2 protein chains.
Amino acid sequence: MTPTILVTNDDGISSKGIQSLVEVASSFGEVLVIAPDKPQSGMGHAITINQILRLDSSRLFPQQAAYTCSGTPVDCVKLGIYEVLQRKPDLILSGINHGENSSTNVLYSGTMSAAIEGAMENVPSIGFSLADYASDADFSEAQQVAEQILHHVIREKLPDHICLNVNVPKKTTTPLKGIKICQQAHAFWEDRFDKRQDQFGRDYYWMSGDFLPKNPLPGSDLEALGQGYASIVPTHFDLTAYSNMDFFKTMFE
Amino acid sequence: MTPTILVTNDDGISSKGIQSLVEVASSFGEVLVIAPDKPQSGMGHAITINQILRLDSSRLFPQQAAYTCSGTPVDCVKLGIYEVLQRKPDLILSGINHGENSSTNVLYSGTMSAAIEGAMENVPSIGFSLADYASDADFSEAQQVAEQILHHVIREKLPDHICLNVNVPKKTTTPLKGIKICQQAHAFWEDRFDKRQDQFGRDYYWMSGDFLPKNPLPGSDLEALGQGYASIVPTHFDLTAYSNMDFFKTMFE
């Protein structure tokens with residue numbers, strides 16, 4: 001039976017990355033595109049509960065059923081399952097994100113949060129990101145990685161409630177070294193706020209900052225990307241710090 | 001030395017829950033309030049990078065330094081550290097959330113995401129939630145739990161990069177049974193979209209749904225809350241599914 005594949009992202013429906021991913025997904029099944037009508041980077045696992053949601057047909061993908069959504073990537077997954085399909089798809093793909101989602105960026109990433117929402121629904125789900133922020137970024141190698149991973153996942157399935165966080169390094173003249181299974185690196189942002197004044201003399205801020213990938217842990221996604229590998233972090237949504245349970249039992253119980 | 005305590009939430013600066021938490025926090029240190037200027041429930045770990053941020057003094061807390069922020073709870077933490085204080089506070093407290101943040105709700109919760117952002121900054125951080133959605137919810141017992149936990153945390157510290165997800169059951173005539181250290185329950189939402197038409201005949205949706213806490217796992221926060229205990233889930237931000245690494249190494253490497 002032809003699998004139904006829900007494709008979303010956080011860069012918005014008109015981004016190059018989702019076009020690239022739909023091209024790959026189409027050879028594996030029937031694609032349904034539901035993506036934000038505007039960029040939703042950094043939206044993490046946000047859902048829209050204090051505002052209405054719009055869902056409109058899109059002509060951007062004439063070969064597929066496609067919708068824009070006024071909300072977040074997680075909203076797109078929820079609308080796809082509970083409103084458009086009214087059942088679970090066979091696969092949820094998110095991306096290809098225009099920029100890296102390695103390390104702790106998984107928490108801020110709308111692209112990965114859509115995949116995590118898929119894992120909560122126990123639908124095999126994969127988020128793809130390309131570590132290249134250039135406006136003319138070349139998605140072709142990331143497409144090849146996506147294709148290779150899809151072959152495996154469709155044949156061998158994923159464990160229950162586990163999704164994949166796939167990052168592909170920026171394309172260079174050196175071919176990709178391969179794929180590495182990694183743990184999420186522990187690297188963090190040092191934020192900066194650029195303070196400006198509007199036309200009324202009132203302050204406002206733009207968030208920026210530096211990502212500090214100091215000494216990436218051996219076996220981490222940051223290390224693999226730095227070495228020229230695509231990284232896959234098997235990702236779940238249980239935030240319990242199990243190794244600290246006894247410490248806290250002594251403290252509080 | 002008097003500790004500096006950053007207090008935020010996701011229900012917004014004028015909510016009853018943050019007032020309750022500031023009352024408790026004030027007896028432990030110098031409180032800085034930075035909270036959203038409007039409700040930001042369900043914003044998860046969203047940050048504001050495609051829009052400007054406003055940060056304005058608030059007169060709601062005349063005894064404390066207090067600011068409203070136009071962004072998300074995580075924005076509040078980042079602005080607190082990198083703009084207002086220009087250093088890390090000694091403690092970050094988030095809440096008291098007006099409603100439960102047990103189980104997988106931790107992922108959608110702006111309140112808990114603020115605490116997780118604190119853990120990423122390696123600041124001892126705690127999110128508090130009251131499992132009562134009534135507009136006249138009684139926060140007094142949750143305040144007592146917060147006070148008790150703060151006594152321990154200030155004296156004994158928290159392990160690096162670990163925050164606490166504290167949920168307190170709805171106050172009843174039966175006194176609270178105590179505190180239990182728990183794992184995050186695996187329960188999920190079955191979403192529903194209420195489809196309506198605007199004044200132009202155009203469709204829109206409200207997200208709603210049912211939370212399905214079927215057979216809560218023994219030792220989970222849902223079980224503890226159901227039995228009349230406050231639950232504490234020690235919470236981290238490493239989403240790596242370590243137990244599946246070998247499976248995927250065989251599959252992809």
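Visitor: In β7(B), which residue is the bridge partner of I126(B)?

Guide: L164(B) is that partner. Note that this is a predicted model.

Visitor: What makes β6(B) and strand β7 (residues 163-169) of chain B a pair?

Guide: Two strands pair if there are at least two bridges between them. β6(B) and β7(B) have six bridges, in the parallel sense, so by that cut-off they pair. β5(B) also runs parallel to β6(B), joined to it by five bridges, and N97(B) stands opposite S129(B) in β6(B).

Visitor: Why is β6(B) called mostly covered?

Guide: A residue is buried if 20 or more other C-beta atoms lie within 10 Å of its own. In β6(B), seven of its seven residues are buried, so the strand is called mostly covered. S125(B), G127(B), S129(B) and A131(B) point one way, while I126(B), F128(B) and L130(B) point the other way. In a regular strand, side chains alternate between the two faces of the sheet.

Visitor: How do you know that helix α1 (residues 16-25) of chain B is largely enclosed?

Guide: Seven of its ten residues are buried, so the rest of the structure largely encloses the helix. Among the buried residues are G17(B), I18(B) and L21(B). Their cover includes β1, β2, β5, β6 and α5 of chain B.

Visitor: In chain A, how do α1(A) and α5(A) cross?

Guide: Their axes come within 10 Å and cross at roughly 35 degrees. The contact is made by residues including L21(A) and V24(A) of α1(A) and A146(A) and L150(A) of α5(A). By class, this contact has five nonpolar, two polar and two charged residues.

Terms used
Residues are numbered from 1 along each chain as its sequence is written. Chains are lettered from A and ligands numbered from 1 in the order in which they are written. This is a predicted model: local features need pLDDT of at least 70, side-chain atom pairs count only at pLDDT 80 or more; totals for chains, interfaces and linings use all residues. A residue is buried if 20 or more other C-beta atoms lie within 10 Å of its own, exposed if 12 or fewer, and partly exposed in between; C-beta atoms are placed from the backbone. Helices (H or I, at least four residues) and strands (E, at least two) are DSSP runs, numbered from the N terminus. Two residues are in contact if their C-beta atoms, placed from the backbone, lie within 7 Å. Axes are lines fitted to C-alpha atoms, for helices over the stretch in contact, and angles run from 0 to 180 degrees between N-to-C directions. Ala, Val, Leu, Ile, Met, Phe, Trp, Tyr, Cys and Pro count as nonpolar, Asp, Glu, Lys and Arg as charged, and the others, Gly among them, as polar.
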